[in-house]
Each structure stands twice: as C-alpha cells, then as structure tokens.
Amino acid sequence: MPETEAETPATSAVPRRKRGRLKVFLGMSPGVGKTYEMLRAARRRKAEGLDVVVGVVETHGRKETMSLLRGLDVMPRAPIDHRGRSLMEFDLDGALARRPGLLLVDEYAHSNVPGSRHPKRWQDVEELRDAGIDVWTTLNIQHLESLSDVILRITGVRQREAVPDSLLTEADDIEVVDITPEDLRARLAEGKVYVPETARVASENFFKLENLTALRELALRRAAQTVDDQLLFHLRERGVSGPWAAGERILVLVGGDAMSASLVRTGRRMSDMMMDAPWSVAHVERPSGSRSDARSAGRLSEAFKLAEQLGGRPVTLSGDDVVRTVLDHAHRNNVTQIVIGKTRGGRLAEWTGRALATELLRKAQGVAVHVVTEGDGSAPEPTIRPGLRPGLDWRPYSAGAGFVGAATGVALLLDTRFERVDLGVIYLAAVVAAGVLNGLRPALVAATLAFLTYNFLFLQPRYSFLIGSPTDFLTLLLFWAVALGTGALAGRVREQARAAQRRAAAVSALLAASQTLSAAQDRATTARSLAEQASAAAGAGAVVLLPDGDDIVLTAASPEGVVLGADAMAAARWAWTHGEVTGHGTGTLPQTRWRFQPLQGVRGRAGVAGIDASAVAAGSDEERLALALLDQGAVALERADLAGQALESETLRRADRFRAALMNSVSHDLRTPLSTVLGSATTLIDYGATLKPEVRDDLLLSIREEAERLSRYVGDLLDMTRLEGGGLNVRTDWTDVRDALNAAADRVSRRLGRRRITRDFPSQLSMVEADPGLLEQAVVNILENAIAYSPDGTTIELAAYEDRGSVVISIEDEGRGIPTAELERVFDKFRRMEESTDRATDRVQGAGLGLAIAKGFVEAMRGRIAAASPIHDGPDGGKRGTRILISLPKSIATHPDLL
C-alpha cells in the first residue's frame, strides 16, 4: 500500500517539533516481511542523509533480515534483572539520550520484562514520541485489542499481547506489508519463517489457509478504515460537507460478568465501522440492589480501564429501573446505538419479559439495540468446586434456617396446645426476620425452607411432602407466594437501607474531608489532612508528595513512618512529570504496590498522591471514595497555594505602602527641622555679633526645639522598625503605673505651652507586670498627640484606676476630637489629622507614628488600647475632646471587697 502522509486529529493537536511521528508496518501474521520491509525503507532514508538508528529488531535468525542490518547504527540492549537472571531488553533511556532522527523499534505489541519502566513496548514508543523522536515499528493485525475476540474465534488462539486501537488510528503513516496466504505458506514450508519442525506444526494450526485469508481481510479492512479516518479529518478540517454518516453515538452496557471485556471490544469495533463514532461504556448501579462482590467489582474496573485504553468514556449511572435509566441517559446524550450482552440461561426471565435485553428491545424507541451473545470463545472462568466458591458467606443462610427452625419449634408447641392455630403467620415472621437482618437471598432461601417445613409437618398427610387435598395445595402455594414476596420486600428494604447508609457514609466522609481540607491554612497541613482522609477512605496507606524545586518530596503519609522505595518514587516522579496515573495496576511501572495519581487542580498540577493499591480492591466503593477525596485534595492544595501567594502579595503591598509613606514623611518631616536648624545656625554665625540678645536667644531656642523634634522623629522611626521587624525586647517588672505616668508628664512639660496637665491617681494602686520604659514612652506619645491637637488654655487629664482584672490609664484632652469614621484607623501608621492646633507655626507636626507605636508597646505588654471621641460638650454646643484608654492586666484578680 502506498504510504499516506496525512495527519490524524490526535497527532495534529501536538506540534510536530514536540511529538515524533509514528509509522506502522502492518501485516496479517508473522512471516509476511514487515521487519524486512522496514529495514529496506530505513536504509533508503539513511542513504538520503537521515540519522537512522536501530533501537531493537528481532531477526529470528533470518539471513535476509540480518543482512539488512549491516551499515545501520544498532543500539546495544540494556540488561534487566528478573528472578536472578539478567535479560536483555530495549534500552529506552539510551534511545532518549541518543535522540536519532529516526528510530526503528520492532514488535510494537511486545511485552517487556517485569521490572522495566513500562510493561508494554508500545508505551516505550509513546514516551519516545513525546520526546520528539520519529519511530517506525511493526505490528500484526491479531494484536489489536478490539479484535482479540474475533481472532480467538478465527484461530482458536487467544492473543496475550495487545495494542490499543487508538494508537493505530493516531499513527501518522501505515504501510500494509501484504502477500497472499499461499505465498506465506510456501515461505513457511521453505523454513523462512520458523524452523522446519515448528513450521510444520504452525501450518496445521495458526497458518491454515482459511485463517490467513480471514486475517488478511482484517488487516486490509483496518488499514482502509485508518485511511478513511484521515480523509474524513481532512474534509472536516476544510469544511467540506462529505457524505459521511454524522451523529452516531454508541453506548455499551456492562456489568460485573465475564462478557464485560468482550462488550467493550465490540463497542470499539462498532465505532471503527461507524467512522470513529464517539462511544461510551456505562454501568448501572441499583441503589436497592445488593452490593457487588469483589470479583464483579474487579471485572467492572478492568472493563472501564479497557474502555479508556481503547478510546471510550466510562460512565456510571444510578437507578433501580435499569432500562429506564439507560434509555433516559441515551436520550439525554443523543445515543443512537446501544450494545448489550446476553448470557446463557435466563429463559424464565425471557418468558416473563424481565430479561434486560428483551425489555430494552421492547421499550427502546429511535435507538438501535445490538444484542451480543456469549460465544464459545469467551474467556473461560476458573473452575470452582462446589462448596469452595470464594466470597460466599453461608452465615446469613444459616441464620435464616435458624429462624425457620425457631418458628418450627414455636409452631409445634402451639399445635399441641391449641386447635386451629394459623401457623403460617409464624413462618412468615421468620421469613421477614431473615430478610430484614440478612438480605434478599437468605430471605428467599428461608421462604422456600419454611414452605417445605410447613408442608411436611402440618399439612395432611403429615410427615410427607404429599398434599392431601386441593384446598391444602392452594393454601400451600399461596403461603409460598406470600412468603417469597414478603421475604423479597424485606430483603429489598434492608438492601436499600444499607445502600442509603453507604451513600450517607460516603457523603459524610466527603463533607468531613472538605471541611478538614478547607480549614488547612498551608500546603503542609493540607497534605497531611489529605493523606489522613484518603487513608481512612481506602482503608490502606496513603502518601502525598509535593513539589520542591525540580523534584517532588514525600510531604505527608498516613500512617506515619511510610517510606517509599526507589520504584515507588520513580512511579511518583513519572506521574508528576507526565500527568499520568502510574504504579500498581497501570501501564507505567506496575511492579510497585503503590498507585500514584497526579493531583490536578484548576490551574495545574499541585502534587501527587499515592494509595497502597495492593490493599484496596479494584473498583470497590473504597477506591472510588478515595479517588473522589484526591480530587478534592488537589483543589485544596491549589487553594492553599493561592492563599499563601495572596498573603505574600498582601505583605508586599503593605510593605510598599509603608515604604511609600515613610519616604513621603521623611521627605517633609526631616527636611523641615533640618531647614530650621540650618537657618538659625547660619544667622547666628553670620550676624551673631549684631543681633539683639533676645533675638539670639530665640534662635538658640528654635535650634534646640527642632533638634528635639528631630530626635523624637528618629526615635519613632527606630521604635516602629523594631515593632515591624519583631525585634522589640520587653523587659517586664513589677511596675507602679503612677511612676510611669508622672515621668511621662514631666518629659512633656516643656512642650505644654499654655496648656496644663492634671493628675488623678488613687492613693493605693495595684502593681502590674509591665516594662516601665515602654509604658512611659507609650504615655509620652499619647500626651504629645493630645498637646498637638488641643488649643491653648485647655486641660489634659491624666488618670489611673483599677477594676478586678486590670489597671486602667485614662488620658483626656479638650481638643476638637476625632471624627467617628476615623476612630478605627487612629492607631494606623502614618495616620494624621489634616491639621493640628499648631499647624500655623508647624512646630509640633509629627510623622503620624506616635499612636501606632503606643499601640504596639501596649500590646507587647499584653495590654489593650482604645480611643473614644467626642467626650465633652464644647462652648459652642458641639462635642469635643478625645479619651485614650490603656488597660494592663493583673497577674491575680483583686477581690471586689478590696477595690
């Protein structure tokens, strides 16, 4: 077949410079010459100057194939230890390091040696393509995953190595290497495929003429389908309205039975035949139904994984009426094709119209229903001897039999003492008890046992299963029907209650996890909470790894002390780097017992979470709940990141504001006193001898006042720097606040002008633990603020008193007061009123740090500070004045009688 150069949708979505191209040499079976043709084409490309490297080629001892390797660069294989033996495999890391222009990787479906990075060679090829390396490979048609059931029916051999169909669909080029079945059998007979003895056996089995003809048709059809997909893509890309059948959507229904995997493959084949129609795989959970056993849950989980691998979308539906739930979903999602399986047996269900396939066919409207029957080629189930069925618990059935036995004892006792007693009611009570306590099936068994016992012991002729009269026969049948119905209803009620309990427990767990994760303030706390919640949900160990530089590190584990080995860390790093689920039960590094899932948030990956999958049943409720918690954890980690970034941004913003305000303040409040000092000093130097004594004294007083003002300003800046930097050293001692207040009043006395300070202290005052120096400075700052904003001739009141738990300092002035809107911000840094009473002379203007420093000092001593304004009636009838209160706590509360 001529090579096609068209890109598929999957490959075109990735820039070519980032993702390598894939060419597949497709054949109907071994021996058609795929490797030979690949090497011939590679030699031509090398002659054209391309860097061609042979990563791995299996010659199978064929001389013609081996001769084509001469002149090509062949990579050595890498040894891998497995069970004490060193096996040679394709060197994936060596190929990634070599980065050739074209790499030949034979046998696309090959299974790698356990211990390799990937279990399958096609996964190695995907990693190579992700690294931007072009790859050529070979593939036999029987290794396509969706055709494995068909190949089994044709050849009688189940293929153990399979490649997802989507990979062939997404291949950039496909070249079919084709010869006739007769020519292939002739090559086989000549020993060009296998050694003579093996060739003879193969020609009688797999290489039969009819088998090869069917395989050849499959290969040609599959290649034609791929070419058609590429044509449709180009037509759609260019907006050409072609004749393709648009709108087909396929829904495959699976349960926990052995047909699940076969149905998934059927859905994929139908998608191919319907021009790559979108398809999904659905399972219906019945809230009132019994809980699936471990085997069914495992089959369902494997079917969902297979669907994802083949390009389908798994869907879980919920509803008691399975048919109505399926049809509602089909109508909502415009499904046109439904695929359902039909196992052997179930003839009674068909006659009564309760078989799922029959009922779906009867009720479906506008939807094509495809019923797939169970064939002889289905995968055989493990043979289980009677009495050894795994997972079957006989205790509920024994309990039901015990209830029937107890009812029998009561019935025998009543039958000997009373006449005409309705003994059937006693047995019905036993059946109801079996259903309520043990479920549906034990109730049905108990109903049948009660029916037989009642017939044997109490219906004529007694002690025989014969029925003496038609009336007794009718009574017995009615009793059995009522017992079965009652037991079924009781069992269903119990199952519904247990299902409701499971759902409530899951919702409660998710709610509790959400609350716990929401309360976490940082990444480490969030990771620890996520590990604990996931471990509790899964009933197994859980770990959370967060990025640290270019790597990820184990941040939290539950239980604590979990250590990840080298294989587990390699799987975790792969999950972080590639955003794929890795580890146990996956296609990447499955040899570890941990399964790692990238925590994908809204903005990107936030980390990696791992669960000890060896202790969790695949597809179980515990696994689904744990995965749901991990999704929540990803968002919580991202939220913690955003909260940290917001806090950092706010800190930077506040620092910028502080810096800007500081620079504005420095530019004015340092320049003004310095200009005054400089001007006064210059005047004294230049004209000192000619100045009058009173003028000279006034200039010297100005220099001193401005120097003191400058000193106070620098002191405020230093104090605020200590507060902002956390360098404030509080030296607490037993302090009499009256001493601190007197010292503060004395320090500001020269700046009072025509104002006065009154002191109102009690004769006895409890001592408090405080820093006397900081307390004095805080009071000085408040007094200076009161002086700045109080007119001449007013009074500043300095008072102290105590209550049971604290000593209170009150500082009141008679200034114009603080607007109510400004009270909450009066202690902010660089906060100043628009003007003070002395703004005309600009002699007492501060930097707006005094009250902020006072607040910081008081709070450092475990005290509180507050402002109230206005507090006095002014002469003009308005409200004036401000009161600042400082409350310092006592070490021991004072008894009320001592106050």
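A: Strand β22 (residues 795-802) runs antiparallel to β23, and 6 bridges join the two. Strands here are DSSP runs of E with at least two residues, helices are runs of H or I with at least four residues, and both are numbered from the N terminus. Two strands pair if DSSP finds at least two bridges between them.

Q: Before we continue, what kind of model is this?
A: This is a predicted model, in which local features need pLDDT of at least 70, side-chain atom pairs count only at pLDDT 80 or more, and totals for chains, interfaces and linings use all residues. Residues are numbered from 1 along each chain as its sequence is written, and side-chain values use heavy atoms, with hydrogens and water left out.

Q: How many residues lie between β22 and β23?
A: The two form a hairpin with 3 residues between them.

Q: Which strand is joined to β23 by 8 bridges?
A: That is β27 (residues 882-889), which runs antiparallel to β23.

Q: And what does S810 pair with in β27?
A: Its bridge partner there is L885.

Q: How many residues of β23 are buried?
A: In β23 (residues 806-813), 8 of the 8 residues are buried, so the strand is largely enclosed by the rest of the structure. Buried means under 20% relative accessible area, with a 1.4 Å probe and protein chains only.

Q: Changing topic, which residues of helix α25 are buried?
A: In α25 (residues 737-747) they are V737, R738, A740, L741, A744 and A745. Seen down the helix axis, they fall within an arc of 160° (taken from the directions from the axis to the C-beta atoms), so they line one face of α25.

Key:
Buried < 20%, exposed > 50% of the residue type's maximum accessible area, 1.4 Å probe, protein only.
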